[in-house]
Amino acid sequence: MSKFRIEDEAALLRTIPPSISLAAKIGVGSALLILVLMRVPLDGALVAFSQLRPVDVALAVVLYFAAHGVNALKLRLLLPQLSVRQALRFTMIAVLYGTALPGQLAGDAVKAFRLTRAASRAGDVSATISAVTIDKVLGLFALLALTAVGLGLDAAVFGASAVKVVGIGLTAFIILLALVVAAPVPAFLQKWTVKFSAWRRLTLRPSTLLQSLLLGVVFQGLSIIVFAVLGTALGLELSIASWAVVVGLVSVVLLLPVTIAGVGLRDGSLVGLIALLGQSQSAALALSLTLLALNILGAAVGLLADLAGNDQDA
């Protein structure tokens, strides 16, 4: 049993804003949540909660952890030296820190930092960091792709301008992905990127990228289904295409590192989007709070994984 390694995170924590900034982000999240509660009575959300059945919650929990299992497999494709146990552990640790720190990207930063401890088994440090970065880019690409499909199927609901914005974002990610995967490294950077280039050449084969992208689509698809299962149980009536758009837009908003655990951001964006679609704001708030509880459950599992293992364990 390993101790909770606060000291071990010192190098990473130096890059995190000081306590006054952290307090400000907690304040921002609290202020956003208060604004939502001023517009949406909590009593209505509690009424919506009463419609949740244990079977719906259980299904959402199973799908949530299945999605993270898929994410772990995706990471292992890019770092094949990782064991399945390691991949699952680091994935759940990312969930822990993505919940406890401002912005979801913080979880990926911690995952990259912690993976370097296993570099002797998982490959060179630069390759490890590159793999986490590409893993995130592929995940975001899959998210945008499904959002674009949802917009295309429900274009009349969301409007042509929304389709154009997501299309531009998807194009930008295609270009970024092509640059990372295939573009030659500039000569002045080569002495720092020799090992990255070797890892890219040996690991990023077209078949690996395709499998990673497909797993990214599965992960995002399961996330959409989690929203749909809980939302439907709470009385929200949206098509699966609309849920894909809602999940995509809310997920992009949650990348902003301005609140802890997405509190306030998730509530405001979800309530606003659901209201635009003509659905109950109270049910949307109930959904947001249920998703927060689900993320806290994932973070708890991540904490247990952190405490019960070691970064060098196979």
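Predicted model: local features only at pLDDT ≥ 70, side-chain atom pairs only at ≥ 80, totals over all residues.
Colleague: Why is Thr-91 called buried?

Modeller: Its relative accessible area is 4%, and buried means under 20%, so Thr-91 is buried. Thr-91 lies in helix H5, residues 84–100.

Colleague: What does Thr-91 touch, not counting residues up to four places away in sequence?

Modeller: Thr-91 touches His-68, Asn-71, Ala-72, Leu-75 and Lys-111. Ala-72 is 19 residues from Thr-91 along the chain, and their C-alpha atoms are separated by 5.8 Å.

Colleague: What makes Tyr-64 and Phe-65 an edge-to-face pair?

Modeller: The ring centres are 5.1 Å apart, and rings pair if their centres lie within 6.5 Å. The planes stand at 85°, and over 60 degrees counts as edge-to-face, so the pair carries that name. The structure holds two aromatic pairs.

Colleague: Are Tyr-64 and Phe-65 buried or partly exposed, and which value goes with which residue?

Modeller: Tyr-64 has a relative accessible area of 10%, so it is buried. Phe-65 has 26%, so it is partly exposed; that label runs between 20% and 50%.

Colleague: How do you know that Asp-108 and Lys-136 meet in a salt bridge?

Modeller: The N to O distance is 3.2 Å, and the limit is 4 Å between a side-chain nitrogen of Lys or Arg and a carboxyl oxygen of Asp or Glu. Asp-108 lies in helix H6 and Lys-136 in helix H8, so the pair ties together parts that are 28 residues apart in sequence. Asp-108 is buried at 14%, whereas Lys-136 is partly exposed at 22%.

Colleague: What links Asp-306 with Arg-114?

Modeller: A salt bridge, with the closest N and O atoms 2.5 Å apart. Asp-306 has a relative accessible area of 2% and Arg-114 has 0%. With the cut-off for buried at under 20%, Asp-306 is therefore buried, and Arg-114 is buried too.

Colleague: How many salt bridges does the structure hold?

Modeller: Seven. One of them joins Arg-53 and Asp-56, with the closest N and O atoms 3.0 Å apart. Asp-56 is buried, with a relative accessible area of 10%.

Notes:
Residues numbered from 1 in each chain as written. Heavy atoms only, no water. Helix = DSSP H or I, 4+ residues; strand = E, 2+ residues; numbered from the N terminus. Buried < 20%, exposed > 50% of the residue type's maximum accessible area, 1.4 Å probe, protein only. Contact = heavy atoms within 4.5 Å. Phe/Tyr/Trp six-rings, centres within 6.5 Å; stacked < 30°, edge-to-face > 60°.
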